[in-house]
Amino acid sequence: RSSDLRNLPAESPVPARSPSLFRRTLSPKSQSPAASRSSASLSRKARLPIKLKKQISKKHQLRLDTPWLDPEKSLAEQDVDDQDELLMKFRFHYNMEISARSQELRYLFMQAKTAFLSGELPCGLNELCKFAAMLVHLQLGKYQESTSINLVDIKQRVLPRKTKLKINQSDIVSEYKQLIDLDDVDVKICFVHLWSATRTFGIEFLSCAELQTKRKGLIGVAKNQILLLDHDQKKQTSSWPFESLLIYKHRPSKHVVHLKFVGEQELQLLIPDYSDVLSDCIAAHQRLRAQHKAEGKSVEETRYAILSDPGSPMGAFSDHVAESNESRDSKAVTFDDVFWAADIANPLVSAEEMEEMHRGTWENPAFSGIDDVVQDRFAFLDEALDQAFDADMDD
């Protein structure tokens, strides 16, 4: 498939913010890909060797190469069985204003809360204390001087399971006091707003290798930019505004996606088994950007708005969290931001291994041994690169 973005045809719109299913747990059986009829949510079938699937599943959950499912097809049509764990998530974020009483707020808050508690969100101590304080507010109600707070009792509900940051209860209490004038709905809106200010929000990551240089890394696609993270440097080394993407070509049989940007910059990316995910993700952003531009709406806003009347406590709190927003765009995305680990519910993990994890003897690879995690995750790219160069890459 080839697409020239300078002559984008009119296509049926994709829901700008609709929940989509993705498969978190890899099924032990081999599966074949199915074509997706909707770019809002995609079907991704894992074809990794069983040994590698088990190794990856046991060691860590990764926020990349996500196998999205097609909502227009039944689960049976997509080979989903009782060993697969399915999660409902919002994939694309274009309508950045949410109603305080909408169901969307409920689902967005749950997604943001799950991401925070799992350790997925890259945030500093300041942001972590704000997130935790909002969850304390929702647990205990508005702050009162007589309120007794013991984080030991509720830490599993308000803090990530593991973190490198040294957290003082007084810092969280200080943030908790700032919420005294907000009700629960206001706090949930602020939580979603702060979530959308994190560095990796709205970015879909895929492991890849550049054919020209054989360098491995990650390609990240968001509605406003495309990022390239280098395997050796373990951080973002290049980025392009999405609007600078002129042409992309997808060669499914070769697992190759060719991107051409303004200024004659080009990338030829080898993405074994996941090239269709990148291609469909780009296609979805094309349509959503065109649709919103035609309606006169912004496509560059990446943070959920805090809508409030002048002088309202919501307005005051939005100023309080603004400092978290200012630092987002000035920091490069790193491998540490993308690789993370959470509690694993996986039939490929034995009961003994699960018990060991819950005893706390299992080390979170997002915080220790990141080099080993990276090596495991990208090992299969070496073989794919060798095969690609042994074969004739021309169609």
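This is a predicted model: local features need pLDDT of at least 70, side-chain atom pairs count only at pLDDT 80 or more; totals for chains, interfaces and linings use all residues.
Two strands count as paired here if DSSP finds at least two bridges between them. A hairpin of three residues takes the chain from β5 to β6, and within the pairing Leu218 sits opposite Leu229 in β6.

On to the other partner of β5. Strand β4 (residues 204-210) also pairs with β5 in the antiparallel sense, this time over six bridges, with Cys208 facing Gly217 in β5. These two strands make a hairpin as well, with five residues between them. Lys214, in the turn, has a positive phi of about 65 degrees. As for β5 itself (residues 216-221), the strand is mostly covered, with six of its six residues buried.

Now for the helices. Helix α3 (residues 125-140) packs against helix α5 (residues 169-177) at an angle of about 65 degrees, and their axes lie 8 Å apart. The crossing of α3 past α5 is right-handed. On the α3 side, the contact is made by Asn126, Cys129, Lys130, Ala132, Ala133, Val136, His137 and Leu140, while α5 brings in Asp171, Ile172, Glu175 and Tyr176. Sorted by type, the residues of this contact come out as seven nonpolar, two polar and three charged.

Finally, the covered part of α5: its buried residues are Ile172, Val173, Glu175 and Tyr176. Looking down the axis of α5, these buried residues fall within an arc of 160 degrees, so they line one face of the helix.

Terms used:
Residues are numbered from 1 along each chain as its sequence is written. Side-chain values use heavy atoms; hydrogens and water are left out. Axes are lines fitted to C-alpha atoms, for helices over the stretch in contact, and angles run from 0 to 180 degrees between N-to-C directions. Helices (H or I, at least four residues) and strands (E, at least two) are DSSP runs, numbered from the N terminus. A crossing is left-handed if the near helix is turned anticlockwise from the far one by less than a right angle, and right-handed if clockwise. Contact means heavy atoms within 4.5 Å. Ala, Val, Leu, Ile, Met, Phe, Trp, Tyr, Cys and Pro count as nonpolar, Asp, Glu, Lys and Arg as charged, and the others, Gly among them, as polar. Buried means under 20% relative accessible area, exposed over 50%, partly exposed in between (1.4 Å probe, protein chains only). The arc is that of the directions from the helix axis to the C-beta atoms.
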